[in-house]
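This report describes a protein chain for a reader who has the sequence and the coordinates at hand. Please keep both in view while reading.

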Amino acid sequence: MDQRNLSAQVNYLNWAVAERPLPGEDSSGDLSVVQPLEHGVLLAVIDGLGHGVEAAKAAAEASVTVRRCAGEPIESVMEACHKALKGTRGAVMTLLYVDQAHQTMSWMGVGNVEGRMWPAIPGTTLLRQAPPLRGGVVGHALPKLNASALPLSRGDLLILSTDGISPRFHEEFRLEGTVQQIADDIMEEYWTAMDDALVLVARYLGRK
């Protein structure tokens, strides 16, 4: 099985990615971006509409734009992607900014790239948070953008996934191990094999 893995770390966040193209395709329309900045990190998961070469082109254009605009508010990043993707298939995507200076995160999505945050609260039921997702297609129909913000604590786990991953894992999966192990296990157990798939897992490490 053609699967790509990638993991990395800054001093307050580590992350990992697992991704697979649709069987029979050489390229994937699902991409991730993790861009460290002076006071934080911008994460993006992008799903070019459909699959194959044209979906991959749209996702690649969005990823270039995310990196170029990474220091701007995430609403501005999304708007820049919308302009850049005109004339392409378009994409759905979720953006997440970890603000290390204030130990907070802000996130938002257009379309169906799912996101969840599991607070690290030992001995209590985990309250799963999700970003505000608005219907639309980046590059074709951009809805009114509305980011939400949450505080972060050491050990909080953040997961973004495309629709090639069954959302059932949000209710069933046990979040144990390294971020790469979690990403790989979600891919292995919940990939539908009906579309490109990507899952990005990040753990907030707090202040050193």
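In which strand is Asp 30 found? Asp 30 belongs to strand S3, residues 30–36; helices (H or I, at least four residues) and strands (E, at least two) are DSSP runs, numbered from the N terminus.

## Basis and confidence

This is a predicted model, in which local features need pLDDT of at least 70 and side-chain atom pairs count only at pLDDT 80 or more, while totals for chains, interfaces and linings use all residues. Residues are numbered from 1 along each chain as its sequence is written, and side-chain values use heavy atoms, with hydrogens and water left out.

The protein chain averages a pLDDT of 90, where pLDDT is the predictor's confidence in each residue, from 0 to 100. A score of at least 70 is reached by 91% of the residues. Confidence is highest in helix H2 (residues 74–84), at a mean of 98, and lowest in strand S1 (residues 4–10), at 58. Where pLDDT is low, the predicted coordinates should not be read in detail.

Asp 30 is buried yet has no salt bridge. Buried means under 20% relative accessible area, exposed over 50%, and partly exposed in between (1.4 Å probe, protein chains only). A salt bridge is a side-chain nitrogen of Lys or Arg within 4 Å of a carboxyl oxygen of Asp or Glu. The nearest side chain of opposite charge to Asp 30 is that of Arg 89, 10 Å away; Lys and Arg count as positive and Asp and Glu as negative, while His and the chain ends are not counted.

The side chain of Asp 30 does reach the backbone nitrogen of Ala 197, at 3.3 Å. Residues up to four places away in sequence aside, Asp 30 touches Glu 19, Ile 46, Asp 47, Gly 48, Thr 162, Asp 196, Ala 197 and Leu 198. Contact here means heavy atoms within 4.5 Å.

## Nonpolar cores

A nonpolar core is a set of buried Ala, Val, Leu, Ile, Met, Phe, Trp, Tyr and Cys residues joined through side-chain atoms within 4.5 Å. The largest has 24 residues, and those touching the most other members are Leu 13, Leu 43, Leu 96, Val 98, Met 105, Leu 158 and Leu 200. Two or more residues each come from strands S2 (13–20), S4 (40–48), S5 (91–99), S6 (104–110), S10 (157–161) and S11 (197–204). S11 gives the largest share, four residues. Apart from this core lies another, of 23 residues, including Val 33, Cys 69, Val 77 and Ala 91.

Leu 96 sits in strand S5 and is buried, with a relative accessible area of 1%. Beyond four places in sequence, its contacts are Val 41, Leu 42, Leu 43, Met 105, Ser 106, Trp 107, Leu 158 and Leu 160. Leu 43, under the corresponding exclusion of sequence neighbours, is in contact with residues including Leu 13, Val 33, Leu 96, Leu 200 and Ala 202.

## Helix H2

Which residues of H2 are buried? They are Ile 74, Val 77, Met 78, Ala 80, Cys 81 and His 82. The elements covering them include S4, H1, S5 and S6.

## Salt bridges

The structure holds three salt bridges. In one of them, Glu 188 pairs with Arg 20, the closest N and O atoms being 3.0 Å apart. Because Glu 188 lies in helix H4 (residues 179–190) and Arg 20 in strand S2, the pair ties together parts that are 168 residues apart in sequence. Glu 188 is exposed, at 57% relative accessible area, whereas Arg 20 is buried, at 8%.

Glu 54 and Lys 57 form another, with closest N and O atoms 3.5 Å apart. These two residues are three apart in helix H1 (residues 53–68), so about one helical turn separates them. Arg 116 and Glu 114 also meet in a salt bridge, at 3.3 Å from N to O; Arg 116 is buried at 18% relative accessibility, and Glu 114 is partly exposed at 24%.

## Positive phi angles

Most residues other than glycine have a negative phi, and most peptide bonds are trans. Gln 103, which is not a glycine, has a positive phi of about 55 degrees and is placed in the loop between S5 and S6. Ala 193 likewise has a positive phi, near 65 degrees, and is found in the loop between H4 and S11. Gln 103 is partly exposed at 25% relative accessibility, and Ala 193 is partly exposed at 37%.

Conventions. Polar contact = N/O pair within 3.5 Å; in protein donor to acceptor, adjacent residues only side chain to side chain.
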